[in-house]
Amino acid sequence: MASRATAADLDLIWSEIDDQRIRTVAMLEGLTADQWDHPSLCEGWTVRHVAAHLTLQRQHVPDIVRYLARHPSVLGAVTLNRTIDRTARLQAALPTDEIITRIRAGIGSRRHNSFIAPAGSLSDTLVHAQDMAIPLGIDVDMRPTAAGIAVDHIWATRHGWTGSVFRQLPLDGYHLAATDTDWSVGSGPEITGPAAGLLLLVTGRRAGLALLDGDGAAQLKMEAQPARRHT
């Protein structure tokens with residue numbers, strides 16, 4: 001959507017980003033120290049690491065150059081995923097209040113990372129909120145319009161360089177259809193449900209299956225079950 005987005009489309013995207021950032025900040029402000037250290041849906045990351053990652057959503061090329069000058073160890077990360085991991089760990093050393101302040105500073109801003117479309121920023125904002133909220137048992141609703149924009153963007157770009165950051169699930173042989181917004185794609189066994197669940201699924205989060213139905217969803221749920229030991 002972002003590559004052909006009209007001014008109205010962009011207004012909607014940024015409105016949805018602001019809405020999610022407001023609710024993410026509200027959630028973070030209410031967490032205990034133990035909750036900040038709780039494992040997230042992102043493998044190897046705590047809630048603090050995910051929140052810290054969200055402080056780096058508005059970096060233009062000069063910002064990146066200055067960051068690398070301050071943290072030259074990042075240059076040794078080589079791959080995109082290792083770079084993201086290393087920068088999140090560096091940012092996680094910030095005081096909790098500073099992490100929240102930096103996320104809050106993005107509300108109302110239309111800056112986004114160089115080479116990332118606004119729809120990509122929306123996807124990142126939505127999914128990472130769930131990466132923190134779901135393991136903590138906190139309900140942070142994802143609005144259907146926002147989730148629909150995001151899942152469409154992620155699906156369209158899943159084979160590009162930004163898609164490499166996600167653990168790709170084998171979804172090409174399925175028909176994915178949102179029940180709360182006008183979005184569907186693919187053919188095969190059906191995976192249906194709210195766009196929020198589909199967004200989690202296409203970004204490699206099997207936790208999204210809890211929100212989804214259909215024969216395709218049942219197949220993926222079975223594949224996720226550990227093999228039984230025969231005695």
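Trainee: How do the axes of helix 8 and helix 9 cross, and within what distance do they come?

Mentor: Two packed helices are described by the angle between their axes and the distance between the axes. In this predicted model, the axes of helix 8 (residues 144-157) and helix 9 (residues 195-202) cross at roughly 30° and come within 8 Å. Angles under 35 degrees count as roughly parallel, so helix 8 is roughly parallel to helix 9. The crossing of helix 8 past helix 9 is left-handed.

Trainee: Which residues make the contact?

Mentor: Helix 8 contributes Pro144, Ala147, Gly148, Ala150, Val151, Ile154 and Trp155, while helix 9 contributes Ala195, Ala196, Leu198, Leu199 and Val202. Of the residues in this contact, 11 are nonpolar, 1 is polar and none is charged.

Trainee: What follows helix 9?

Mentor: Gly204 follows helix 9, and its phi is positive, near 85°.

Trainee: Where is Asp85 found, and is Asp85 buried or partly exposed?

Mentor: Asp85 is found in helix 5 (residues 80-91). Its relative accessibility is 27%, so Asp85 counts as partly exposed.

Trainee: Which side chain does Asp85 join by a polar contact?

Mentor: The side chain of Asp85 has a polar contact of 2.7 Å with the side chain of Trp45. Asp85 and His53 are 32 residues apart along the chain, and their C-alpha atoms are separated by 8.4 Å.

Methods:
Residues numbered from 1 in each chain as written. Predicted model: local features only at pLDDT ≥ 70, side-chain atom pairs only at ≥ 80, totals over all residues. Heavy atoms only, no water. Axes fitted to C-alpha atoms, helices over the stretch in contact; angles between N-to-C directions. Helix = DSSP H or I, 4+ residues; strand = E, 2+ residues; numbered from the N terminus. Parallel < 35°, antiparallel > 145°, perpendicular 65-115°, else oblique. Left-handed = near helix turned anticlockwise from the far one by under 90°. Contact = heavy atoms within 4.5 Å. Nonpolar A, V, L, I, M, F, W, Y, C, P; charged D, E, K, R; others polar. Buried < 20%, exposed > 50% of the residue type's maximum accessible area, 1.4 Å probe, protein only. Polar contact = N/O pair within 3.5 Å; in protein donor to acceptor, adjacent residues only side chain to side chain.
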